[in-house]
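I opened a notebook for this structure today. These are my entries, in the order I looked things up.

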Amino acid sequence: MTRPAAPLADPDTFAAGPPWELFARLRAEEPVAWTPEEAPHVGFWSVTRHRDIVAVSRDWQTFSSARGVSLEELDDDQLTHRTSLIDTDPPRHTALRKLVAPSFGPKVVNGYETFLRGIVGRALDDALELAARDGTLDVVEHVSSQVPVRVLCRLLDVDDSVHTRLTAWGDRLVGHTDPELADVLLGSAESEAYRLVPFRSPAALEVFEYGRSLAAQRRAAPGVDLVTTLATATVDGEQLSEKDFDNYFLLLALAGQETTRQAVSLAVLTLIEQPGALERLAEQPSLLQGPALDEFLRWGPPVYHMRRTATRDAEIGGVAVKAGDKIALWYPSGNRDERAVPDPDVFDLDRTGVDLLTFGKGGPHFCMGSFLARLELRVTLQEFAARVASLRLAGPPERLRSNFVNGVKRLPVALATR
């Protein structure tokens with residue numbers, strides 16, 4: 001009898017969060033599993049073991065990003081219009097990455113800590129005042145959605161009041177498979193009108209328009225910010241085309257807030273689900289200067305997968321794949337692979353030596369914003385633990401309907417302050 005295919009192509013599989021039991025079965029029995037999709041898509045290979053995810057990530061010549069990093073199959077016309085930094089391979093990827101990489105290096109990012117603590121402190125004070133008045137608090141709305149986006153405003157050198165628009169755009173883009181958030185659902189007949197823009201979302205067009213207006217301002221009056229960098233950049237002696245600028249700006253506007261926002265929400269949910277963790281952080285905030293931060297990121301990674309495409313016939317974990325096949329790297333599964341992580345289903349703030357997959361692993365596509373994301377998460381958790389004495393759910397967490405972003409839309413809590 002043929003075992004039923006793993007339903008990882010279906011966003012509803014992730015309705016309650018990562019399908020841990022399914023991932024464990026795949027790792028044990030079928031670590032490189034063929035996963036069919038509905039037409040017109042043809043299916044993909046699901047890679048669930050840590051070792052295999054690392055091997056694919058490092059071999060970009062064989063397992064390319066140039067056909068896109070989501071499971072949507074793009075024709076050449078779509079690729080021409082939608083390709084951004086993450087949808088390229090070296091040497092193009094290297095040249096584009098170098099444009100903004102210095103702004104995300106550790107030396108620059110470490111200089112943000114004082115500024116960031118001010119943002120986090122104000123956001124938490126406002127949130128706790130609201131909780132004291134109303135009895136409950138939505139962590140996503142009043143904490144997670146307040147911090148990374150305000151840092152992004154500073155990097156773009158735009159007024160802080162823009163943060164609500166940036167957050168709303170992010171919701172509509174990553175929510176393109178969620179009926180509550182999507183303008184048009186991915187795969188619907190209506191989405192065909194937007195097939196040439198990222199996520200097939202009208203929100204992308206609004207982000208493009210906003211980015212172009214900023215670019216015009218910075219070309220007239222350059223500053224020291226990411227918009228100026230992109231608006232005046234040259235690659236191989238040529239300025240970025242409007243299309244390249246559009247897609248790069250959208251990537252920064254989305255990745256600069258969305259993944260860290262989800263990481264914060266998932267970390268707070270972890271504090272609720274793990275007795276003693278909140279008090280431990282309050283007593284030892286320095287834990288988050290070390291491997292304990294990686295344990296939060298291992299336990300609640302904000303991205304489910306990235307896709308690669310085989311450029312030639314090859315093998316992954318002894319399984320033959322053909323040129324043109326899609327491959328999905330399932331990071332939550334790799335982060336809990338018992339072959340790489342002792343007692344992987346135990347949350348351990350004293351765990352050391354975790355070979356974390358949350359930011360990618362090896363190769364040219366390691367997350368450029370990882371230093372900033374770590375700083376934002378560390379400071380937020382330290383300031384949260386310093387203010388909050390107890391924490392419990394005031395209602396069920398509401399998850400994003402997505403097999404791409406491990407998202408929490410609402411996280412209602414009741415809490416007591418210190």
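**Charges**

I began with the charges. The protein has 46 positive and 59 negative charges, and their mean positions lie 3 Å apart. I counted Lys and Arg as positive and Asp and Glu as negative, leaving out His and the chain ends. I placed each charge at NZ of Lys, CZ of Arg, CG of Asp or CD of Glu.

**Ground rules**

I noted that this is a predicted model, in which local features need pLDDT of at least 70, side-chain atom pairs count only at pLDDT 80 or more, and totals for chains, interfaces and linings use all residues. Residues are numbered from 1 along each chain as its sequence is written, and side-chain values use heavy atoms, with hydrogens and water left out.

**Overall build**

I looked up the secondary structure next. The protein holds 17 helices and 14 strands. These are DSSP runs numbered from the N terminus: helices are H or I with at least four residues, strands are E with at least two. The radius of gyration is 21 Å, close to the 22 Å that the globule rule gives for 418 residues, so the protein is as compact as a globular protein of that length. That radius is taken over C-alpha atoms, and the rule is 2.2 Å times the number of residues to the power 0.38. Along the principal axes, the C-alpha atoms fill a box of roughly 65 × 60 × 40 Å.

I then checked contacts, meaning heavy atoms within 4.5 Å. Of those between residues at least 6 apart in sequence, 69% join residues at least 24 apart.

**Surface and core**

How much of the protein is buried? I found that 56% of the 418 residues count as buried. Buried means under 20% relative accessible area, exposed means over 50%, and partly exposed is in between (1.4 Å probe, protein chains only).

I turned to the nonpolar cores. Such a core is a set of buried Ala, Val, Leu, Ile, Met, Phe, Trp, Tyr and Cys residues joined through side-chain atoms within 4.5 Å. The largest has 115 residues, and L99, V100, Y248, F249, L271, F296 and L391 have the most contacts inside it. I followed L271: leaving out residues up to four places away in sequence, L271 touches A277, L278, L281, F296, L381, F384 and L391. A second, separate core has 12 residues, including A6, F14, Y304 and A328. In soluble globular proteins, nonpolar side chains tend to be buried together.

**Helix α8 and what follows**

I picked out α8, residues 148-156. Because 7 of its 9 residues are buried, α8 is largely enclosed by the rest of the structure. The buried ones are P148, V149, V151, L152, C153, L155 and L156. D157 comes next after α8. D157 has a positive phi of about 55° although it is not a glycine. It lies in the loop between α8 and α9 (163-174), and at 47% relative accessibility D157 counts as partly exposed.

D236 sits in the loop between β5 (234-235) and β6 (238-239). Its relative accessible area is 73%, so D236 is exposed.

**Cis peptide bonds**

I looked at two prolines. A39 and P40 are joined by a cis peptide bond, with omega about 10°. P40 is in the loop between β1 (32-35) and β2 (44-47). The bond from P90 to P91 is cis as well, with omega near 5°. P91 is in the loop between α3 (76-82) and α4 (92-100).

**Two more residues**

Is H305 buried or exposed? I found H305 buried, with a relative accessible area of 1%. H305 belongs to strand β7 (residues 305-310). Neighbours within four places in sequence aside, H305 is in contact with V69, L71, A328, L329, W330, Y331, N403 and F404.

My last entry is T259, in helix α13 (residues 258-273). At 28% relative accessibility, T259 counts as partly exposed. Not counting residues up to four places away in sequence, T259 touches P302 and V303.
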